[in-house]
Amino acid sequence: MKQTFRNLLVLMVLCATSLGLNAQVNGELWQDTNGKHINAHGGNIIKYKGTFYWYGENRPYRGFTTEAGVGVYSSKDLKAWKDEGIALAVSETAGHDIERGCIMERPKVVYNKKTKKFVMLFHLELKGKGYEAARVAFAESDSPVGPFRYVRSTRLHAGKWPFDMTEEQIAYAKTTKANDWKDWWTPEWRKETEKGMYCWRDFEGGQMSRDMTVYIDDDGKAYHITSSQENLTLLISELTDDFMDYTGKYVMVAPDGQNEAPTIFKNNGTYWMICSGCTGWAPNEARMFHSKSIWGPWTQVESPFKGNNASYKNFPANKTFGAQGTYILDTKALGIKGTESRFIFMADIWNPEHLSNSLHLWLPIKFDKDGTPEIRWCNDFRM
Ligand code: GAL
């Protein structure tokens with residue numbers, strides 16, 4: 001009798017799955033296989049041995065600080081997600097970099113084929129210090145679901161200039177004095193910022209690092225892309241072969257452009273970067289850049305968000321449909337066939353009252369006749 005009941009239960013679960021329970025609808029809560037909203041924000045997805053792993057900020061229902069750590073979910077089909085718990089847990093030791101109550105944001109996990117380690121980079125703010133630490137942190141694990149071992153946190157490139165700055169440009173930057181500027185956004189301030197004023201201000205202590213992503217290129221090289229210099233300027237930095245450090249080669253992108261939430265993909269030899277503006281949890285208009293080389297020059301074009309379809313709370317395309325990007329899934333690179341589009345833009349619709357309940361927004365990236373990316377609202381799409 002017991003056996004029959006169990007079989008019936010298994011059958012019911014199987015039917016529910018194939019009928020589309022767990023199918024994700026944009027603008028609604030996304031249930032995991034336990035029926036709970038997927039609490040993984042600002043993260044990314046990798047595939048390892050036939051299983052997808054989705055990493056993200058595990059956020060509390062109330063409050064802004066990190067109480068648990070970085071969460072991980074697994075899936076065989078990108079639709080039914082199983083909660084695998086906390087991949088990198090906060091520390092209970094007072095004074096530890098990732099002490100409970102710190103802020104861990106925008107975690108990105110990548111697999112390193114050479115070291116056979118899963119490497120996690122994330123934005124770290126120290127407990128009780130608001131957003132002033134502005135550090136990147138590294139953790140690693142032998143298993144995709146962790147436990148990840150916290151390694152260290154740091155600012156970037158102390159004592160190093162961007163590799164593309166000439167001696168003349170460096171000499172100029174050294175004459176700038178960021179702390180003396182009272183009024184931002186004047187033409188003079190802009191000029192100095194674009195010439196590396198904040199790079200010089202933070203030269204000794206290292207460059208700030210907040211919203212970030214990690215990109216692995218076709219040749220296996222990894223890059224850290226981060227919002228730096230008071231969120232004014234993006235930095236693109238090459239990582240070492242083990243992904244645990246920097247080679248020292250980096251560039252400044254779009255100085256004084258105030259870009260956050262960087263996401264990136266490559267199509268037919270062109271790199272595309274989609275970012276947000278800087279308005280905290282509130283949505284703003286996305287920005288897009290393209291380049292033939294990861295090192296630039298990067299050209300800014302119109303936001304890819306188009307169309308008037310009804311979206312989340314009717315946020316229009318010029319408010320990124322209420323969301324802020326976190327990652328771009330390259331389904332081809334992950335060996336997924338039959339999706340509506342090769343690239344999927346993953347974003348968060350933040351809920352600052354209840355961050356754990358922030359919604360997920362996944363939209364296919366299409367291309368117009370000139371090959372420029374376009375993203376339109378849809379409730380659901382073929383995955
Ligand atoms: C956003 C950023 C988030 C988080 C938030 C805090 O602009 O993208 O990752 O830092 O600000 O207000």
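How many residues lie between E9 and E10 in their hairpin, and which residue in the turn has a positive phi? Five residues separate the two strands, and Gly220 in the turn has a positive phi of about 85°. The model is predicted: local features need pLDDT of at least 70, side-chain atom pairs count only at pLDDT 80 or more, and totals for chains, interfaces and linings use all residues. Residues are numbered from 1 along each chain as its sequence is written, and side-chain values use heavy atoms, with hydrogens and water left out.

**View 1. The hairpin of E9 and E10.** Strand E9 spans residues 212–216 and strand E10 residues 222–228; helices (H or I, at least four residues) and strands (E, at least two) are DSSP runs, numbered from the N terminus. The two strands run antiparallel and are joined by five bridges, where pairing requires at least two bridges found by DSSP. Val214 has His224 of E10 as its bridge partner. Four of the five residues of E9 are buried; buried means under 20% relative accessible area, exposed over 50%, and partly exposed in between (1.4 Å probe, protein chains only).

**View 2. Surroundings of Ser209.** Ser209 is located in the loop between helix H4 (197–201) and E9. This residue counts as buried because its relative accessibility is 1%. Leaving aside residues up to four places away in sequence, Ser209 touches His123, Ala134, Arg135, Val136, Leu156, His224, Thr226 and Ser227, a contact being heavy atoms within 4.5 Å. Among these residues is His224, the bridge partner of Val214.

View 3. The structure holds 21 salt bridges, each defined as a side-chain nitrogen of Lys or Arg within 4 Å of a carboxyl oxygen of Asp or Glu. One of them pairs Asp241 with Lys114, with the closest N and O atoms 3.7 Å apart. Asp241 sits in the loop between strand E11 (233–239) and strand E12 (246–253), and Lys114 in the loop between strand E5 (103–112) and strand E6 (117–125), 127 residues apart. Both Asp241 and Lys114 are exposed. The side chains of Lys266 and Asp217 form another salt bridge (2.9 Å, N to O). Lys266 belongs to strand E13 (residues 260–267), whereas Asp217 lies in the loop between E9 and E10, 49 residues apart. Lys266 counts as buried at 17% relative accessibility, as does Asp217 at 8%.

**View 4. The salt bridge of Glu374 and Arg376.** The N to O distance in this pair is 3.3 Å. Glu374 is buried, with a relative accessible area of 19%, and Arg376 is partly exposed at 40%.

**View 5. The largest nonpolar core, with 40 residues.** Such a core is a set of buried Ala, Val, Leu, Ile, Met, Phe, Trp, Tyr and Cys residues joined through side-chain atoms within 4.5 Å. Ile45, Trp54, Trp81, Ile274, Phe305 and Trp362 have the most contacts inside the core. At least two core residues come from each of strands E2 (51–58), E14 (270–276), E18 (324–330), E19 (343–349) and E20 (359–367). E19 supplies the largest share, six residues.

**View 6. Confidence along the protein chain.** The chain averages a pLDDT of 94, and 94% of the residues score at least 70; pLDDT is the predictor's confidence in each residue, from 0 to 100. Confidence is lowest in helix H1 (residues 2–18), at a mean of 46, and highest in E6, at 99.
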